[in-house]
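Let's take a walk through this structure, one chain at a time. Keep the 3D view open while you read.

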Amino acid sequence: MMNADLLISVPYTWVLALSGVLLAIGILGVLLRRNAITIFLSLEIMLNSGTLAFAAFAMHFAAIPGMEATALNGQMFIFFIIAIAAAEAAVGLALFIALHRLKGSIDVDRANILRW
Amino acid sequence: MLGTLWLIPIVCLVGAVVNLLLGASGARKSAITIVGVGSVGLAAIASWVTIWQFLRPSTGEYEAIVESYFTWIRFNSLEIGFSFQLDPLSVAMLAFTTLVGFLVHLYSVGYMKTETDRGYARYFAYLNLFMFSMLMLVLGSNLLVLFIGWEGVGLCSYLLVGFYFDKEFSADAGNKAFIVNRIGDLGLLFAIFVILNVFGTLEFTELFGLLNSYGAAQQYGGAMTVIGILLFVAAIGKSAQIPLFVWHPDAMAGPSPVSALIHAATMVTTGVYLVVRCNFFFQLSPVAMLTVAIVGGTTAIFAATIALVQNDIKKVLAYSTISQLGTMFLAVGVGAYIAAIFHVIMFAFIQACLFLGAGSVIHSCSGERNLRKMGGLKKYLPKTYWTFWLAAITVAAILPVSGFVSKNAILTKVFEAGVTDLNGFGLIFYLLWVLGICGAALTGYYMFRLVYMTFEGSFRGSEETEGYIHEAGWTMTFPLQVLAFLSVIGGLALGFPGRLFHLKGTSFIHSFLGPLVLASPGNGVDEGHSLAFGLEWFLVILSVAVALRGIQLARRWYKKDPTFSEPNALAVRFPAVHKLLFNKYWVDEVYDRTLIRPVHRLAVLCWEIIDVIIIDTFIVNGSAFVTQLTGDVLRFLQTGRVRNYALSVALGILAIAVILW
Amino acid sequence: MTALIFLTAAAIAIIFAVVAVVHRSPIMNVLALVGMFLAIAMVFAIIGMDFLAAIQVIVYSGAILVLFLFAIMLLDLRRVEGIGEGGVFQLLLGCIAVIGLGGAVVFAAARLSPETGAWVTGAEYGTAYPIGRALTGSHLFAFEFVSVVLAAAIIAAVYLARRDR
Amino acid sequence: MWVDAAVIGIKLVAVVGVLLMTVPIMVWVERRGSALIQDRLGPNRVGPAGLLQPFVDAIKLLIKENLIPAGVDKLLFVLAPTIALVVALSLFIAVPFAVDDGLELVETPIDGFIVAPDLNIGILYIFAIASLAVYSIVLAGWGSNNKYALLGGIRASAQTISYRLAMTLSVVGVIMAAGSLHLTQVVTSQSGVWLGFLPRWNFLIQPLGGIIFIVAAFAETNRLPFDLAEADSELVAGYHTEYSSMNFAAFFMSKYIHMVTSAALITVLFFGGWQIPWISLPGGWMGAGLSLGVFSAKVVFFLWLFVWVRWTLPRFRFDQLMALGWKIMLPLAVLNFLWVGVAMASGILT
């Protein structure tokens, strides 16, 4: 990983494809699992697929001479997504603990007071 | 009192308001009388003084005075002022209206004595209000002010006809009068709109100026006919001509002085006044003139035939009024405006006198109206008898009396129109002349049938009512005498046919009203002596002879033979004709079946189908049902489970992606 | 060569992701996720964004998942129900959504022109230097704001999880 | 292409070999040291002065039955020691232990004595890998389904998390002084003289940062003052109570390798790596060998420091531990890189 003339032979579309697959898996987890922690995990996967997509396009724009600034912005976004994900995780888990205390379990279907 | 024309109507209005207040606060009859009669008396005096001032500069040339008080409507270019006008025509109308009005007020003091205080106050309030609107109508200088008066008069006729509102029949009659009048008023309203649209002004003077120019006929040709017809529709409604006369006989349900003042003297003649006032429209459209003539002629003969067999004293007089009005419109139809106005004035006095006479007869027979239950009242009501007899003579137009003067003037004019082939309809005018002569004969017959049935022979009523019969007080007999006197000599004074006796110059009334009439380009001033001298005398003698024949027939059947054997025999021989005439050609029933019932059925139909079915069930309840349905359906989406919502979000995004892609 | 490494890292990431989603024991889910994040970090490194790779490992697997682990241990979740047990209706539509959305991105990727970017960026590209300058330069406000957000999150977490006295 | 791979391979093998070799030596030093401090003889039966004692222990551990108790989450139980070992070993590749400019072997330039020469995020890589160490402890505690193990695990993870904060912040100062994350740059930045006579070692520039780093390093490796994880008196053996033979050996080895790495880091970050104060090293192989010698000497000294401190200071109570970590070290670390910032801005530190 010499940082000089870095020859990336990996096309950015592959990275994008990977992020698509991860997104699919994340959504699968969110929709089909019942316990809150796993849903939250798959949410993290989806977030990560987002960062990957940003990375892919950052890589793509870095290759275009005039667009270095956009590539940099892409990376900034990744950085902030990770930061916000951390904050979100903290609050989310606190929420699930409260939910567990309230409902005795973190089965998401239990919290259905808004039912008709 | 020039310059304060507004004082005359306002006095009557004040009288009406005060009376209403007095009625409400339960004042005594005497106070109400003073206010009621006093106010009209004041108005009469004020108007006579104004007339005297108007006539004083007898240079023969009387210029119209227009007093405008304030701008009523200002709408960008259009500006209609509230103003009164005093010109020969309005002077004529003003004169006899205030005079007859005052006399009827005086008469009704005695007539309404038996009423309760409240009713008495209410009666006088309405009567004063009527005088106010009548004066507004007469004095108005533009069609809109006239329209106020027009509506006011219709309203008061409704109020007064329906005065005995506790009796079901009079309430219906009032209603009928008002509705039929309203149909006529619609015509006037449209006429006003059209005039505004075409000429941009409603002032009579300005309209007269616009139309007096030579080219007017070509320039406004088509509009003239339309306006003429519309104005005539209004006149039909108000003066009870053929299609809209049904309300007039029923209006007899009101108290007799009301019938005398409103349904005989003043209101019904306003139709003629309107047509004469707007003569410039009719002069320029031969078609309108013709329709007026035809309708007038046919109404005259039509009403006369019905009057032959009526047994109710007031119904006979009602039909005689309608037939006289018919002849007036016939006169207007042939362009004899001044003759028509002259007849209006004479007719006002005559019919008022007849109706008041009938009123005193009914009053004395304690409400009895059927001719067959009266008779031989000559000895009980001497004054009523001879005033009634005199008025009957003038109606029948026998030689020396004024009724003759005005009626013959009209008939000669009609004949003359026939001779000069006025705007090409000469033949029709000959026919109308013939109808006029027959009408004159019938008038003579039914008037004297009425006179003989009530006053001649023996009393056919019950003994007990016979005991009560007594001459009424001076308040009732004095107006009768004045009216009788006026109706006899009035005609001679105003319109003596100097021409018949080789006197040069025209009668006073012709010279007085002459300049008002638009000189129709076609046939020159209507005073033209196109008829040969001998021919005129022949016409006069013919009509008088015909009238005398009618009277003689009536005398033979009703005076000589107390059992009326011959007319009854005649009725038996021609039962169909008798029944047809007696039931007024079933006009009311026809109207009922053709107009009223279908409209009623339509209304019921609308109610059942549109209202009940469409609106109630479909729209109102329907929408409620739909919302409730969707509510139920959508309710199941709210499962309360977070995962379902996440699923719908995902599917939503997918849908958007698909759409965008 | 790097392509080969990328494919292996991608495969590892996908396998770990699937395990993280499917496995019935939450602890295993978390561990699988750690593995996935490491694989993703490798992908980042291969692409040249090594600073972000390090950040990813430190923040995600180092901090967030430890938090998850603590939460799971606190709630003592041994075995929870598997995937797809929330009703067939949810399962079917879920699969449609998954295939749809995932497919959409992959399809988009396939359509884009996959030119292999042989680009020369020198030290500028992925290292910490440009990102550091950007963070303290143009994105300073965002950087400070994130710190505020994190503080708020901490307070929120403490408040929410506190046993209400 | 393959030559590079070969070179890295050789270096890797060399590094791992050295690390694994140091473990028995450290054990021996530890035992002898503790005996010396406690005024007793220590192991002297097996081999001259007990030198062979560690090897004998190793053999003992190998031979023992690898007991996996029932009720234990097998996967976690086995996974924990492996993570610990992997993490410990993979930490060292970013540490430059000798001069690395212009050396060639078989006319191909070997980039100096550092396994991953162009890993220009050096320190971050170390923090990244180090942060994974927590998992081994936590999983061990949770996996062995034993109250004491769980308590030990929770304590240890809490401790490492809070002390890593202080450590990272203190290192920030160093990075600011060095201007780059790459450890080689850090070392080269510490050459030359500061304020006329002092060598530009970071320890001298920012002593506060240095002390905090050293203390944090102790906490990181659960060495005595902070060894609440396997506090023998309270939690029997802490998170690895249930472990036996090889698994236990894995944990044991990872701890010692971690210690070596920490020592190496301290020397690189704060004590000028292979720099000899005031003397510049000659080039070529001779210089390389000399720098390696200097570097090893410093590492040995700090290793001895670990042993020395372990057998002298008493154990902290857990709340004291936490208080020290959060309330004292963290603010001081922030103060430190504030001082560095001011110094740089005002030109004292160029």
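This is a predicted model: local features need pLDDT of at least 70, side-chain atom pairs count only at pLDDT 80 or more; totals for chains, interfaces and linings use all residues.

Residues are numbered from 1 along each chain as its sequence is written, while chains are lettered from A and ligands numbered from 1 in the order in which they are written.

## Where chain A meets chain C

Now look at chain A, where 69 residues are in contact with 80 residues of chain C. Helix H1 (12-32), helix H2 (36-63) and helix H3 (68-103) of chain A are the elements that each give two or more residues to chain A's side. H3(A) gives the most, with 22 residues. By class, chain A's side has 51 nonpolar, 13 polar and five charged residues. Helices (H or I, at least four residues) and strands (E, at least two) are DSSP runs, numbered from the N terminus.

## The nonpolar cores

Which residues touch the most other members of the largest nonpolar core? They are Val15(A), Ala55(A), Ala13(C) and Val43(C), in a core of 206 residues. Helix H2 (residues 26-47) of chain C gives the most to this core, with 18 residues. A second, separate core has 204 residues, including Met252(B) and Ala472(B).

A nonpolar core is a set of buried Ala, Val, Leu, Ile, Met, Phe, Trp, Tyr and Cys residues joined through C-beta atoms within 7 Å. A residue is buried if 20 or more other C-beta atoms lie within 10 Å of its own, exposed if 12 or fewer, and partly exposed in between, with C-beta atoms placed from the backbone.

## Chain C on its own

Chain C has six helices and zero strands. Buried residues make up 44% of its 165 residues. Ala13(C) touches Leu18(A) and Leu22(A), and also Met36(C), Ala39(C), Ile40(C) and Val43(C), leaving out residues up to four places away in sequence.

How confident is the predictor? Chain C has a mean pLDDT of 83, and 90% of its residues reach 70 or more; pLDDT is the predictor's confidence in each residue, from 0 to 100.

## A helix and a hairpin in chain B

Helix H2 (residues 29-55) of chain B has 27 residues, so at 1.5 Å a residue it should span 39 Å, and its end C-alpha atoms are 38 Å apart, which agrees. The expected span is 1.5 Å times one less than the number of residues. Buried residues in H2(B) include Ile32(B), Val40(B) and Thr50(B). Among the elements covering the buried residues of H2(B) are helix H1 (7-24) and strand S2 (78-86) of chain B.

Is strand S1 (residues 65-75) of chain B buried or in the open? Of its eleven residues, the number buried is zero, so S1(B) lies largely in the open. S1(B) and S2(B) pair in the antiparallel sense over nine bridges; pairing takes at least two bridges found by DSSP. The two strands form a hairpin with two residues between them.

How values were computed
Two residues are in contact if their C-beta atoms, placed from the backbone, lie within 7 Å. Ala, Val, Leu, Ile, Met, Phe, Trp, Tyr, Cys and Pro count as nonpolar, Asp, Glu, Lys and Arg as charged, and the others, Gly among them, as polar.
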